[in-house]
Amino acid sequence: MTSATPDSAAEILSNLNINACDWPPNLPKNLHILSPDQIELAKMLLEIGQSHLFQHWAEPGVEDDQKKAFFAQVAKLNSSYPGGLASYIKTARQLLADSKAGKNPYDGFAPSVPAGEVLSFGDDNFIKFEETGVKEAQNAAFVLVAGGLGERLGYNGIKVALPAETTTGTCFLQLYIESILALQEASRRLTQGTCQKEIPFVIMTSDDTHTRMLDLLESNSYFGMKPTQVKLLKQEKVACLDDNDARLALDPHNKYKIQTKPHGHGDVHSLLYSSGLLNTWHAAGLRWVLFFQDTNGLLFKAIPASLGVSATKQYHVNSLAVQRKAKEAIGGITRLTHSDGRSMVINVEYNQLDPLLRATGHPDGDVNCETGYSPFPGNINQLILELGPYIEELSKTGGAIKEFVNPKYKDASKTSFKSSTRLECMMQDYPKTLPPSARVGFTVMDAWLAYAPVKNNPEDAAKVNLYFFNNLWSSSFSV
């Protein structure tokens, strides 16, 4: 392929009101191989300070296919992020500046214990909520966030393929599907078959898990669920950042490829919104959306009663929680009230909760109360959202969730990173954008009933269990 002449390149730049001196030298030479849309993407990248991406481009006729592949990737990154790459870079620069300055995201906020429901398994109150929740189950959709692999567990497959128990070898995905189907049938019985709804089940996947998830479902006939009930939504990755100026990071082995990493399970909200499923469910009379993560085999023992709490208390957001010891390594559900009057009920990570309490008039920080547990319930990242208010909120935000950045700096100067970073978001941060009128609460249950996640590889798990049993042994013989 012959290169563009100086006159033709100049004409293209002139038509776009661009000064060639503002562009990296080899980019104008390659304009003739690019489509109008790709040229607009190039212009956008330069406007947001990403000229370094083109510094080492080859002459026209050399590596042209890789140049086009570069713009295909840029187009995908731009379209999959709310507001596009310009918005991503703008947010990144602000968050990176805050991180470098050591800004506390909770400055001006005072923590307090929010309102919620604490349930005791088997008592009259629990049974009442559980029966209500079973009836409501036919009006619910379930959403599993399963974008990660089990590498941290010493397993190279998708985590939902792991056995939930060793007696039968039933995997987590089978357990979840059979639990949803059991709820579906129980709900029909309690409502005397007045409605034959099939509970929708959505699974958020990623490039790493999508194909394997589909294979697991298809090779097992969807574990008894109708394929029409199941919908897979694949999240895309986001661009990596090289420095505090939010310059996009190139792959060290490919100068035409931007590094990418997962954005976090908070993407589930924007995926649901853009898919149109929420409006479909609302039109079908559904009222609830239940979110859960991939390896908590006890969860469905807690869902009916928790759903009953949501229906009875009319919660817009209900966070499932367990009792936690003070300073235990699990986030706490907390009401944060700002000095300007704003308030929200969200998860605050354990390593932030204790210093926040100490800085706001609680010199002992996070301490156990008369129950023997912290008054701040332990967040287990399972949410129940009321569908109507959820759609209303997402129509304003597009499903975008408040992000954070966690760069690993080379030294105390915080001027360079050990490796590239990216923006991240978490599913449980959805309440951060809600108005003060939103009804946000929690439901607490005993951990033995509701929470047994697979978090550790066998070696680390053995250490955790040894520590637990040593403590149990010591406390049993204490005087």
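1. By class, the lining of the largest cavity has six nonpolar residues, five polar ones and no charged ones. Please keep in mind as you read that this is a predicted model.

2. Which residues make up that lining? Ser319, Ile333, Val345, Ile346, Asn347, Asn379, Leu383, Gln428, Pro431, Val440 and Gly441 line the largest cavity. The volume of this cavity is about 60 Å³, and the structure holds five cavities of 30 Å³ or more.

3. Strand 13 (343-348), strand 14 (378-386) and strand 17 (440-445) each supply at least two residues of the lining of the largest cavity. Strand 13 gives the most, with three residues.

4. Now turn to the second largest cavity, which has about 40 Å³ of space. Its lining is formed by Leu77, Ser80, Tyr81, Leu85, Tyr88, Lys237, Val238 and Ala239. Helix 4 (64-80), helix 5 (84-101) and strand 6 (238-239) each supply at least two of the lining residues here. By class, the lining of the second largest cavity divides into six nonpolar residues, one polar and one charged.

5. Strand 14 leads us back to another part of the model, as strand 10 and strand 14 pair in the antiparallel sense over four bridges. In this pairing, phenylalanine 291 stands opposite leucine 383 in strand 14.

6. Strand 3 (residues 140-145) and strand 10 pair in the parallel sense over six bridges, with valine 143 opposite phenylalanine 291. Strand 10 is mostly covered, with five of its six residues buried.

7. Follow the chain on from strand 10 and you come to aspartate 294, in the loop between strand 10 (288-293) and helix 11 (299-313). Is aspartate 294 buried or exposed? Its relative accessible area is 9%, so aspartate 294 counts as buried, the cut-off being under 20%.

8. What surrounds aspartate 294? Leaving aside its neighbours within four places in sequence, aspartate 294 is in contact with Leu144, Val145, Ala146, Lys159, Val160, Phe172 and Tyr176. Take a close look at Lys159 in the structure: the side chains of aspartate 294 and lysine 159 make a polar contact (3.5 Å).

Technical notes:
Residues numbered from 1 in each chain as written. Predicted model: local features only at pLDDT ≥ 70, side-chain atom pairs only at ≥ 80, totals over all residues. Heavy atoms only, no water. Buried < 20%, exposed > 50% of the residue type's maximum accessible area, 1.4 Å probe, protein only. Polar contact = N/O pair within 3.5 Å; in protein donor to acceptor, adjacent residues only side chain to side chain. Contact = heavy atoms within 4.5 Å. 1 Å grid on protein atoms, 1.4 Å probe; cavity = no way out; pocket = protein on both sides within 12 Å on 5 of 7 lines; lining within 4 Å. Points joined across faces, edges and corners; volume = space filled by probe spheres on them. Nonpolar A, V, L, I, M, F, W, Y, C, P; charged D, E, K, R; others polar. Pairing = 2+ DSSP bridges.
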